[in-house]
Amino acid sequence: MWVVIFPLGCHDICFRKFSFCALLVALLSLASIQSTSSQGLENLRCIICKQIVKDLHSEVKKVDPKKKLQVRYRVDDAGKNMIPYALSEMHLSESLEAVCKGIDDYVRATRKDTGELILLKLIVDGKMNPDMSNVDIIQDGDLNKSLKYYCDGIVEEYEEDIVKMVQNKESGIEEKLCENVTKLCGQASSRADHDDL
């Protein structure tokens, strides 16, 4: 609870100024929330889900395919107990954690030509992203902290599904995970299809 103490003799004037400032702050906050929601915040978790899959795929590709990890259980009928390190549960879990830490390198933006909401990585190969001129960066009051929050939430809830899909080398993981398993993209996709009709 807030207690505001006004100097003697100016209760009415000070209270009006205080009320006006409080109202102004509330209206500006509301306008900020509405402007970001109009930028397609309802699609943000879908976009983050897809980015998780892309970045995880990149992390897996970085590992030498010859690098193996011995496991205690038998992997196949031949009795082999070695698996590719890149596909080990340990590596995939560490990679998912790294992906969500790396999401701090992204900002929300909209494509200038289509208005589509995207995540844009600011630095690519040590240089400013060349796509910067093709997008409008969305000013975000939380400095894009929500991106990591949503990433962590998706990974926490669906890590087991993600790991299994990658280990099984399933095709179309992005679609399967983000549309079928998490259902984060299903509504946005069907809405976009409906708008095209």
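## Basis

The model is predicted, so local features need pLDDT of at least 70 and side-chain atom pairs count only at pLDDT 80 or more, while totals for chains, interfaces and linings use all residues. Residues are numbered from 1 along each chain as its sequence is written, and side-chain values use heavy atoms, with hydrogens and water left out.

Helices (H or I, at least four residues) and strands (E, at least two) are DSSP runs, numbered from the N terminus.

Strand 3 (residues 106-111) is joined to the antiparallel strand 4 by 5 bridges. V107 has L120 in strand 4 as its bridge partner.

## Helix 3 and H91

The end C-alpha atoms of helix 3 are 20 Å apart, which agrees with the 20 Å that its 14 residues should span at 1.5 Å a residue. The expected span is 1.5 Å times one less than the number of residues. The buried residues of this helix are H91, L92, S95, L96, V99 and C100; buried means under 20% relative accessible area, with a 1.4 Å probe and protein chains only. An α-helix has 3.6 residues a turn, so residues three or four places apart point the same way. The buried residues of helix 3 pack against helix 2 and helix 4 (145-167).

H91 lies in helix 3 (residues 89-102) and has a relative accessible area of 7%. Leaving out residues up to four places away in sequence, H91 touches E59, V60, V63, Y85 and A86. The C-alpha atom of H91 is 10.0 Å from that of L69, 22 residues apart along the chain.

## T182

T182 sits in the loop between helix 5 (173-181) and helix 6 (186-196). T182 counts as buried because its relative accessibility is 8%. A polar atom of the T182 side chain lies 3.1 Å from the backbone oxygen of C178. Not counting residues up to four places away in sequence, T182 touches C49, Y158 and L177.

Terms used. Buried < 20%, exposed > 50% of the residue type's maximum accessible area, 1.4 Å probe, protein only. Polar contact = N/O pair within 3.5 Å; in protein donor to acceptor, adjacent residues only side chain to side chain. Contact = heavy atoms within 4.5 Å. Pairing = 2+ DSSP bridges.
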